[in-house]
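Notebook open, structure loaded. I'm jotting down what I look up as I go.

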Amino acid sequence: MSEVYFNRYSLILLSILPLSFLIGPAISLINILIFDIFLISFFFIKNEWLWTKELTIKIFLLLYLYLIINSLISIDPTMSFSRNFGFIRLIIFFVGINYFFYKYKYPDKIFRFWSIIILLIVIDIFIESIFGSNILGYGSNEARVASFFDDELIVGGFVLSFFFITVGYYLNKFNGLSNFTKIILLIFFILFFVSIVLTGERSNSIKAIVGLVILIFSYLRFNFKSFSLMIIIFFTIIFIINNNNYLKNRFGKSIIYSGNTFISSFQHGSPRDNPSGNLYAKLYRSGYDVFKNYPYFGVGNKNYRVESCTSEFYNRGIHIMINNYVCMTHPHQIYFELLSEHGLLGTLLILAVFFFLLLRGFKANIEEKNFIGIGCFCYLFTVFTPLIPSGSFFSDYNISLFFINLSIMYAYSKQLNIFNKQ
């Protein structure tokens with residue numbers, strides 16, 4: 001396979017990456033796997049393996065070795081096997097993104113296509129929030145907006161994962177241009193942000209605010225413009241929420257109620273002692289209880305569901321819980337998930353790896369004034385926001401979105417791209 005063909009196929013696969021997530025998780029997984037196969041075949045033909053000596057790759061391989069060990073000591077290795085062993089695809093994907101951005105001269109095509117796709121989703125979110133169904137006739141059973149994901153309430157998180165990349169691209173592109181261009185960019189910027197709020201996804205709305213603060217102050221520094229922009233966005237959010245009864249309840253009364261019940265719900269040792277309490281607090285407590293029982297290495301990746309759900313049985317029609325767990329796939333918070341499934345030692349290793357890579361990436365991109373990389377960092381940082389509910393970190397969907405941002409943050413940096421050093 002020649003380099004021309006590799007670049008051509010890679011451009012197509014990477015351009016349609018957001019679309020593959022909309023079609024379904026299996027399609028996005030296949031997309032990444034095809035990209036990986038092209039890359040490995042290309043490297044075999046060229047006999048190009050110097051990248052394996054780079055520090056970043058060695059760190060990833062250390063993490064991969066740990067995940068393999070984690071599978072072997074899991075309480076049910078069959079549950080964690082595919083997730084842990086399949087992590088290698090993301091390392092190869094990271095290498096491929098770095099190589100593509102190193103070799104290909106026109107990566108703008110990808111960001112432009114992504115921005116069109118995300119803009120269409122944003123418009124669709126507005127349409128569904130106004131009319132109750134999106135342009136394909138999909139509508140969530142709840143008042144929340146699902147857009148093209150139909151019955152899965154994840155569109156806010158999806159927009160968030162590409163939002164900062166595309167905004168960073170246009171900040172790079174339009175920096176130093178006319179005020180009119182910057183005003184147009186600001187309008188689109190606000191529309192993207194408001195669309196996340198309109199989905200009713202409270203966690204992702206809070207994460208968007210956190211990332212937004214980092215991005216604005218990275219771009220404008222601490223000055224009158226940055227504070228003015230924050231005030232404009234703040235009052236826009238207040239106006240939108242105040243004029244929507246569902247959002248007013250979800251972001252107002254619901255958050256206040258959750259805050260009032262959180263501590264008491266977490267303190268209850270048994271979920272059945274407080275059936276009307278805060279579900280997330282009880283899930284966090286359940287994850288913490290699993291961690292207490294398996295403090296060093298946890299129950300194994302994807303094994304929280306095994307430990308929590310097999311601790312239940314029926315005796316003469318009465319539901320009995322052996323332990324005070326909440327039966328669910330994961331504890332719905334990244335730190336409690338890591339502690340319960342990886343224990344203290346595994347959690348420290350995982351956090352050390354990703355925090356090192358993130359801080360290293362942020363430092364390099366700040367020095368280069370590269371807002372694509374800074375935008376990626378804004379999203380990646382929000383993934384580790386404490387206390388906020390979250391999806392399972394190592395699930396195919398979440399870890400893929402995470403690695404798209406991590407890969408681009410490194411690939412678009414002159415200092416960090418692993419092929420710039422060869």
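This is a predicted model: local features need pLDDT of at least 70, side-chain atom pairs count only at pLDDT 80 or more; totals for chains, interfaces and linings use all residues.

I started with helix H17, residues 396-411. Helices here are DSSP runs of H or I with at least four residues, strands are E runs of at least two, and both are numbered from the N terminus. At 1.5 Å a residue, the 16 residues of H17 should span 22 Å, and the end C-alpha atoms sit 21 Å apart, which agrees. The expected span is 1.5 Å times one less than the number of residues.

Residues are numbered from 1 along each chain as its sequence is written, and side-chain values use heavy atoms, with hydrogens and water left out.

Next, burial of H17. I call a residue buried under 20% relative accessible area, exposed over 50%, and partly exposed in between (1.4 Å probe, protein chains only). For H17, 14 of the 16 residues are buried, so the helix is largely enclosed by the rest of the structure.

Then I checked H6 (residues 88-103) against H17: the axes come within 9 Å and cross at roughly 30°. That makes H6 roughly parallel to H17. Axes are lines fitted to C-alpha atoms over the stretch in contact, with angles from 0 to 180 degrees between N-to-C directions; under 35 degrees counts as roughly parallel, over 145 as roughly antiparallel, 65 to 115 as roughly perpendicular, the rest as oblique. On contacts (heavy atoms within 4.5 Å), H6 brings residues including Phe93, Phe94 and Phe101, and H17 brings residues including Phe403, Ile404 and Tyr410.

Which cysteines form a disulfide? My rule is a pair of cysteine sulfur atoms within 2.5 Å, and the count comes to one. Cysteine 309 and cysteine 327 are the pair, with sulfur atoms 2.1 Å apart. Their link is right-handed, with 105° about the S-S bond. It joins distant parts of the chain, 18 residues apart: cysteine 309 lies in helix H14 (residues 304-309), cysteine 327 in the loop between strand S2 (318-321) and helix H15 (334-368). Cysteine 309 is partly exposed at 26% relative accessible area, and cysteine 327 is partly exposed at 35%.

Last, cysteine 376. Cysteine 376 is buried at 0% relative accessibility. Cysteine 378 is in no disulfide, and I logged cysteine 378 as buried with a relative accessible area of 0%.
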